[in-house]
Amino acid sequence: MTIVEKILARASGLPSVKAGDVVEPKVDLAMSHENAALVINQFLEIYQGTPLPPKIWDPSRVAVIFDHRVPAESSKTASNQKKVRDFVGVQGVGKFHDIRGDVGGICHQILPENGYVRPGYVVVGTDSHTTSHGALGAFAFGIGATEMATVWALGSVLNVEVPTTIKVVVKGRFKKFVGPKDLILHLIGKISAQGANFKVLEFHGETISKMSTSGRLVLCNMSVEAGATAGIVPADEETARYLREEAGVTGPIEPVLPDADAAYESVIEINVSKLQPQIACPHTVDNVKPIDQVAGKRVNQIVIGSCTNGRLDDLAIAAKILKGQKVAQGTRMLIFPASAKIFRQALGKGYVGVFMQAGAVVMNSGCGPCLGIHEGALGDGEAALSTTNRNFKGRMGNPNSEVYLCSPAVAAASAITGVITNPRKK
Amino acid sequence: MPTVVFKVGDDVSTDVIYPGRYMATVLPTETPQFAFADEAAFNAKLKAKQIPPGSILLGGKNFGCGSSREQAVSCLKGPELIIVARDFARIFLQNGINLGLRMIVCPDIEAAEGDELELSVDALVNKTSGRQFKIEPMPRSRQVIIDAGGLIAYTRTRLQQAVV
Ligand code: SF4
């Protein structure tokens, strides 16, 4: 069996499953953000006309994190957040992260950094980038608000079709200023935005073994941009190190690994030794080009952050490039660390001072400009270069603008010049 | 007979179907006003209720890719559109089934705005061009939810069974 088949078999109480089977796995962790407001509506509706009181099946397994619109940009959002806050209080939801400078942040960072996700877990979230958590060897996938209401009521996801798995084997060493973001952009460009529809991307190979959990989160985060149901990295020593040292996990960690004779629907091999920085051009994530084909393009806004690339190693590389430099006139730079914890670490390391002295604006942890709802929107005809994960038309709040996606190194090097710049040629 | 009132290309994302800036609006009664908000002409017709219920929105491949936002489904369900596409992105398909949106997977469909389509269980006939196309059935795993009239009703039944 593949990893996901093993996880689904265990969670469904079956000795084995295979791709195409229909199962009802029990959920180990169920995450929502502000859209919990809609989940609550649907949840309460389930109980209408029944004598049963609405009660979450296991509040300790539910996580609610405010990140998409923090602090609230409108009275409507604030009222939604209030409704969710009241509800999680009444239901006793165990893993609630409000808008705070100590425990706040983006959901896909909060879950790993607090040790909420373990290898072998079934994780569902009302957010498509829930695929991120496959970085810890869990089967993690996005669902809609109504499906989440069912999970809250029953504790399982109904009618899951066991997905097939594509094995991605990655070899070689990254060149300087090339990394996981370039690898995943390259892969998405190669297989297209639909290339892994309804499938799992399982990452293997020496490059992955040597990669940090932060880098693996980038790969799994963006697996959904190839249409994948989930991305997953087999848990290994690095996973254990991350969970023990960075997430404070003390209990047992039980990796779930694929069988040697696991059936894959296909195998993709990639060698990263010659890979150049990659850019996803407007308006689809699979419109990927090596940087030299787009270098020189004028950009008005640079964004570093998000659940994709807003972690400490991302900020470290940006600080290294920006130290003693200035953001180009006519270009603005917005930096938003993925969690309050990372923000504090970046303060401690002096990165925040470097960014501000260079002219960047450092914003509170949250989704911010990534989805263009409440801050960092683009003007008509403007272009952004961003370390986020989506460049769909209108993504940064304006359909008459463009978003280019890149790594933190490319974003930082381009902030100094005001045009898309290859950090390897600076 | 249902008419194609709006045709879009491949990889139409939920950011296009329901732009993120309207995400604070969640009630299915309120989301339809923002459906395809940046496609001014179509959105205006929807808002003016000039689109007859049961009209067809024609998508390409991978319709509804991107975020898991359910507003992208409820905003199309409100005006009772039928979505015909070559295929759908996973979360959108699942959300659509859960909320009872009518969706038809028709891998080879060719039609233009204004064409009239005749729908049967396993085939679709474009009356304007005279061509017939095969319809792919929904995944069998989802049929129980469709039959129950959506996921809320199905869950309610399951919940009551669990208690008994
Ligand atoms: S940072 Fe962007 S992609 Fe990540 S959860 Fe927030 S809105 Fe979604």
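**Chain contacts and domain contacts in a predicted model**

Biologist: Which elements of chain A give two or more residues to the side that touches chain B?
Modeller: By class, that side of chain A has 18 nonpolar, 20 polar and ten charged residues. The elements of chain A that give two or more residues to it are α2 (36-47), α3 (75-91), β6 (139-142) and α5 (145-154).

Biologist: How much area do chain A and chain B bury between them?
Modeller: The contact takes in 48 residues of chain A and 46 residues of chain B. Carbon and sulfur atoms account for 56% of the buried area. Chain A and chain B bury about 4,000 Å².

Biologist: Which side chain of chain B meets A:Arg395 in a salt bridge?
Modeller: Three salt bridges are counted between chain A and chain B. In the one that involves A:Arg395, the N to O distance is 3.2 Å. The partner of A:Arg395 is B:Asp15.

Biologist: Is B:Ser13 buried or exposed?
Modeller: B:Ser13 is found in the loop between β1 (4-7) and α1 (14-17) of chain B. Beyond its neighbours within four places in sequence, B:Ser13 is in contact with A:Phe392 and B:Cys65. Buried means under 20% relative accessible area. Because its relative accessibility is 1%, B:Ser13 counts as buried.

Biologist: How far apart are the centres of domain 1 and domain 2 of chain A?
Modeller: Chain A is divided into domain 1 (3-270) and domain 2 (278-417). Taken over C-alpha atoms, the centres of these two domains of chain A are separated by 24 Å.

Biologist: Which residues in domain 1 of chain A lose the most area to domain 2 of chain A?
Modeller: The area buried between the two domains of chain A is about 3,000 Å², with 58% from carbon and sulfur atoms. Together, the residues asked for make up 20% of what the domain 1 side buries. They are A:Ile106, A:Phe177 and A:Lys181.

Biologist: Which residue forms a salt bridge with A:Arg390?
Modeller: One salt bridge is found across the interface of domain 1 and domain 2 of chain A. For A:Arg390, the closest N and O atoms of the bridge are 3.0 Å apart. The partner of A:Arg390 is A:Glu225.

Biologist: Which element gives the largest share of the side of domain 1 of chain A that touches domain 2 of chain A?
Modeller: Across this interface of chain A, 24 residue pairs are in polar contact, both residues being at pLDDT 80 or more. At least two residues of the domain 1 side come from each of α4 (107-113), α6 (180-191) and α8 (213-223) of chain A. The largest share, six residues, comes from α6(A).

Biologist: Why does A:Ser339 count as buried?
Modeller: A:Ser339 lies in the loop between β15 (332-336) and α12 (340-348) of chain A. Leaving aside neighbours within four places in sequence, A:Ser339 is in contact with A:Gly104, A:Gly105, A:Gln109, A:Ile110, A:Glu113 and A:Ser365. The cut-off for buried is under 20% relative accessible area. A:Ser339 counts as buried because its relative accessibility is 0%.

Biologist: What distance separates the C-alpha atoms of A:Ser339 and A:Asp67?
Modeller: Along the chain, A:Ser339 and A:Asp67 are 272 residues apart. Their C-alpha atoms are separated by 9.4 Å.

Key. Residues are numbered from 1 along each chain as its sequence is written. Chains are lettered from A and ligands numbered from 1 in the order in which they are written. This is a predicted model: local features need pLDDT of at least 70, side-chain atom pairs count only at pLDDT 80 or more; totals for chains, interfaces and linings use all residues. Side-chain values use heavy atoms; hydrogens and water are left out. Contact means heavy atoms within 4.5 Å. Buried area is the accessible area (1.4 Å probe) that two parts lose on being put together, summed over both. A salt bridge is a side-chain nitrogen of Lys or Arg within 4 Å of a carboxyl oxygen of Asp or Glu. Helices (H or I, at least four residues) and strands (E, at least two) are DSSP runs, numbered from the N terminus. Ala, Val, Leu, Ile, Met, Phe, Trp, Tyr, Cys and Pro count as nonpolar, Asp, Glu, Lys and Arg as charged, and the others, Gly among them, as polar. Domain bounds come from an automatic or database domain assignment. A polar contact is a pair of N or O atoms within 3.5 Å; within protein, one must be able to donate a hydrogen and the other to accept it, and residues adjacent in sequence count only if both atoms are side-chain atoms. Buried means under 20% relative accessible area, exposed over 50%, partly exposed in between (1.4 Å probe, protein chains only).
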